[in-house]
Amino acid sequence: MTAAEKAQSLIALYHAPEILRVVNVWDVISAKAIADVSQTTALATAGHSIAATFGYADGQIPRDLMIDMVGRIAASTELPVSADLDDGYDDAGETTRLAIAAGIVGANVEDRLKPLAESVAVMEAIVKAGEAEGVPFALNARTDAFVRGGDRPVEASIADAIERGRAFLDVGATSVFIPGILDADVTRQLVEGIGERKISVIGLPGALTAAEYEALGVARISYGPMIQRVALTAVQDVAVSLYADGVIPASTRALN
């Protein structure tokens, strides 16, 4: 498929009645492992996990390293790949062009609760960059209305997320990513305010299941750095076992 065709297929997955489930990856081998699972329809990278791979804190990895890794992931699969591109790296349009050139057909870009007009301009630049490249770039526009909302009442975060989400959709975003542990009532209000199959959530401990979010009209669920944490937990646990004179489990699969 061409980049444009992959982007269209990704957008179709967002709009489908079934919630789009993406298990986040951070390098080529994790991407191949997830891509080989029969239920996988698209890949999404975890920026936090890629940053950790290179020894950076979340949001601090240089753009060239991020683009290089997401490009390697995209080159390893025929599936559409959406990348976590942090806040767009000061020039969201150019970052989008670089990502498209690397094989990426969609992205998460976060507003970090910057002023609304500034955040809308960033999202619009991403959409326009995709159009200029002939790719209907699937922008999963992230608002940090909850994770950076501080101690304000939840009602204020809901209203802020709805205002920002609507504004992002108005300039061409495919969906609105609202990270945080969203219960059924909050999710219902967000869907009512932004639209069905227009919201993306993250599956954290304490969140609803994918099926529950699907029933509420959510478009996508991803898992951010949690997948890498599960993998690293397994690595650390087997190390403890081996130091205690254990053996490699017979159930271990040759995935690399």
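This is a predicted model: local features need pLDDT of at least 70, side-chain atom pairs count only at pLDDT 80 or more; totals for chains, interfaces and linings use all residues.

Student: Which helix gives the largest share of the lining of the largest pocket?

Tutor: A pocket is an open set of points on a 1 Å grid over the protein atoms alone, where a 1.4 Å probe fits, with protein on both sides within 12 Å along at least five of seven lines; lining residues have an atom within 4 Å of a point. Helices here are DSSP runs of H or I, at least four residues, and strands are E runs of at least two, numbered from the N terminus. Helix H2 (28-35) and helix H10 (226-243) each supply at least two lining residues. The largest share, nine residues, comes from H10.

Student: Is Glu 110 buried or exposed?

Tutor: Glu 110 lies in strand E4. Buried means under 20% relative accessible area, exposed over 50%, and partly exposed in between, with a 1.4 Å probe and protein chains only. Because its relative accessibility is 11%, Glu 110 counts as buried.

Student: Which residues lie nearest the centre of the second largest pocket?

Tutor: Strand E4 (106-110) is among the elements that each supply at least two residues of this lining. Of the 24 lining residues, those nearest the centre are His 48, Asp 58, Arg 142, Ile 202 and Pro 225.

Key:
Residues are numbered from 1 along each chain as its sequence is written. Side-chain values use heavy atoms; hydrogens and water are left out.
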